[in-house]
Amino acid sequence: MKLTARSIAMAWLSALVLVVCILIAIGAFGQRRVDGRFAGVDTVFLGSSLFRHALPDLGQITPLPQVDAEKSLRIGLNNGSERQILDMATAAVASGVGKVFIEINPLVSRFATDRAGCGVRNSLQHQLGNLKIFTDAILLGRDIYWPGAEPANNDKIRSISPETTAKYYPLKFVGPCHVGAWQRLFTTSKGTRFVLVMMPRDGVAKQLIGADDMATFERRARAFSAQFDIPLFVPESAGDWGEELFLDQAHLSGRGADRFGKELAAWWRVQK
């Protein structure tokens, strides 16, 4: 059969329509999973893998008396971005979650390897990331936020690769990219209490970041907190967290997680 230009064009159009339909179906499936992920939860902790190691046992809904939570859940995404955390917080509020703890680090800083900025590239990166997450959930049967809800292995031997670690620093100070969306979330969610959390860093990370950029990071974190009148938890002993409390330059060990939990509990008692 001889193919005409019209038949070829129609074939391409049909293929394009099929792809679009598949993408729409994947998106709809993923959004349903997201919307239902926080059902029945009263307290959530949303952030990067730093949160996963700071709260290693909260992969399943469980009580957390340190913050008066009967049904708490932690989602700590690998390289969790501002937009991902914003989407999760929005879904949590929609599900009626009463307390939302948000890691401030990804909101006010990024690693040196992140080149997305705040424009179109950032939006495209987010959409492609969501497509992968939703597709993996369908094809591999994973949790929609895998591995964010998985337990963390805090008992590993401390290990730092100088070459690999150095690639992530110095920090970039880009964003927040979604100030308007954060404003709407914080001002319209009357039934939800928000808390921002600053994560401690090992001395190696502080050295690579530098004193000036560490001061910039903390200033930006406190400015975001003040702008929206959201309390910011900063571990009281953040200045002297020794290497025995870390698995690497940033992820807490078992001892570090214990200390983080105790300091969070002490801070929460004052906030109540």
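A charge is taken to sit over a ring if NZ of Lys or CZ of Arg is within 6 Å of the ring centre and within 35 degrees of the ring normal. The model is a predicted one, in which local features need pLDDT of at least 70, side-chain atom pairs count only at pLDDT 80 or more, and totals for chains, interfaces and linings use all residues. Residues are numbered from 1 along each chain as its sequence is written, and side-chain values use heavy atoms, with hydrogens and water left out.

| Charge | Ring | Distance from ring centre |
|---|---|---|
| Arginine 201 | Phenylalanine 217 | 4.5 Å |
| Arginine 259 | Tryptophan 241 | 4.9 Å |

The structure holds 15 aromatic pairs (rings of Phe, Tyr and Trp, the last by its six-membered ring, with centres within 6.5 Å; planes under 30 degrees apart count as stacked, over 60 as edge-to-face and the rest as tilted). Among them, phenylalanine 233 and tryptophan 267 form a tilted pair, 5.4 Å centre to centre with 50° between the planes. This pair links strand β6 (residues 232–233) to helix α10 (residues 254–271), its members being 34 residues apart; helices (H or I, at least four residues) and strands (E, at least two) are DSSP runs, numbered from the N terminus.

Strand β6 also belongs to an open sheet of six strands in the order β2-β3-β1-β4-β5-β6, with mixed pairing, where two strands pair if DSSP finds at least two bridges between them. Because β2 (62–64) and β6 stand at the edges, each with a single partner strand, one side of each is left without a neighbour in the sheet. Strand β5 (residues 193–197) runs parallel to β6 and is joined to it by two bridges, and leucine 196 stands opposite leucine 232 in β6.
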